[in-house]
Amino acid sequence: MTQGGQTNPGRRTVLGAAVLGAGGVTLGVPGPASAASSKDDGSYRDLPVPTVVAHRGASGYRPEHTLGSYQLALDMGAHVIEQDLVPTKDGHLVCRHENDITGTTDVAEHPEFASRRTTKSVDGVSLTGWFTEDFTLAELKTLRAKERIPGTRQENTLYDGRWTIPSFEEVLRWAEREGRARGRRIWLHIETKHPTYFRDLGLGLEEPLARLLRTYGRHRKNSPNFIQSFEPSSMRRMAELVAAPRVVLLSGAATRPWDFQVAGDPRTVADLVKPEGLKWIAGFAQGLGPTLDLIIPKDATGKLGTPTTLVRDAHARGLVLHPYTMRNENSFLPADFRRGTDPAAYGDAFGAFKVYFEQGIDGIFSDNPDTALLAAADFTRRR
């Protein structure tokens, strides 16, 4: 398929270059240590800078949050692989970006589940569809994953139906196998999704997550994973349960975390990125995952404007920054890095990566780990 003049071979060229060059880019990953060992060598401070976090796996090329997406990201050389966690009716944690699985599975094609279509309010947003908390794990396993944005990533629909929804425990077992095979630890970036919403349903995320991390020896301060959430209270709760490094995710400056809204905390993200807010976060977390607009805001035309002081201020508090999310397609890039008029075509992602890396960020989330790795290698050579 051609997208704005770019054909499949063009996309594979980027992938191939990253795979061939991945050895040099990933030399900073701690190892070689046996993944089967309980010993934790190194820490998140030893990861390569810039760290490439595969956003929902290699979601630019495979349906997100599938073992296929995670595997491809790891094979590309991504330093860290992200999982988003939501619960099932029977208390298992599964990997989905949202509990609404209408757009990422074939649930609508299953007549046996037609009656479970419903409307819910999730963090103040009304949604109609099917939700993980209304299914047992066994029931979810009868569904197949599919591409979330087929209009933008039509090529990814080739893989619709190939994989099931993975449980988080499956991912932990996968990471152990891959760690043994590769002779190094496999880093994960694990997000608790809508934790206040699920706690109110009696399906709190933090305790089962902590149990799994302890079972697989990933609960220590030097364990090869980050834990993250858009709700600071979730990370404060996790700090009481495990010592693994924690990251507070930050959305737009004018927004308020949902747990703040429920608790009546008037602070906005704009307050949290001020020195006093960063000092508060540093009391229970080791990092920030801000939206890229908090690093460099866009102007009215969608072009990058003047950088903020967030990187400098966060580093002054000892926090690492892994902002989100870089994607190759024009529709996701700042206006000054788009090429042509096709929103699904690739723009100048390398140019955008360079500008963000120049701000001093420690890493970045990307749907296209191969592109991010090449950009990181270019930036490292030029420094």
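A: M326 is placed in the loop between strand 10 (320-321) and helix 12; helices (H or I, at least four residues) and strands (E, at least two) are DSSP runs numbered from the N terminus. The model is a predicted one, in which local features need pLDDT of at least 70 and side-chain atom pairs count only at pLDDT 80 or more, while totals for chains, interfaces and linings use all residues. Residues are numbered from 1 along each chain as its sequence is written, and side-chain values use heavy atoms, with hydrogens and water left out.

With a relative accessible area of 2%, M326 is buried (buried is under 20% relative accessible area, exposed over 50%, partly exposed in between, with a 1.4 Å probe and protein chains only). Neighbours within four places in sequence being set aside, M326 is in contact with L292, L333, A349, A352, F353, Y356, I364, F365, S366, D367 and N368; a contact here is a pair of heavy atoms within 4.5 Å. A372 stands 46 residues from M326 along the chain, yet their C-alpha atoms are separated by 8.2 Å.

T325 is itself in the loop between strand 10 and helix 12. Elsewhere, a cis peptide bond also joins V49 and P50, where omega is about 0 degrees. P50 belongs to the loop between helix 1 (8-25) and strand 1 (51-54).

Helix 12 spans residues 349-357, and within it A349, G351, A352, F353, Y356 and F357 are buried. Those buried residues pack against strand 11 (363-366) and helix 13 (369-382). An α-helix has 3.6 residues a turn, so residues three or four places apart point the same way. G351, a residue of helix 12, has 15% relative accessibility and therefore counts as buried.

In soluble globular proteins, nonpolar side chains tend to be buried together.

Aromatic rings deserve a separate look. The structure holds 11 aromatic pairs (rings of Phe, Tyr and Trp, the last by its six-membered ring, pair if their centres lie within 6.5 Å; planes under 30 degrees apart are stacked, over 60 edge-to-face, the rest tilted). The ring centres of F113 and F135 are 5.0 Å apart and their planes stand at 75 degrees, so this pair is edge-to-face. It links distant parts of the chain, 22 residues apart: F113 is in the loop between strand 3 (93-95) and strand 4 (118-122), and F135 in the loop between strand 5 (125-129) and helix 3 (137-140). Both F113 and F135 are buried. W280 and F284 form an edge-to-face pair as well, with 5.0 Å centre to centre and 75 degrees between the planes. W280 is partly exposed at 24% relative accessible area, whereas F284 is buried at 7%. Y44, W187 and F226 make up one aromatic cluster.

Finally, the whole protein gives the setting. The protein has 13 helices and 11 strands, and 56% of its 383 residues count as buried. Among its contacts between residues at least 6 apart in sequence, 68% join residues at least 24 apart. The average pLDDT, the predictor's confidence in each residue from 0 to 100, is 91, and 89% of the residues score at least 70. Over residues 1-39, however, the pLDDT is below 50, and this stretch has 69 contacts in the model beyond near neighbours in sequence. Where pLDDT is low, the predicted coordinates should not be read in detail.
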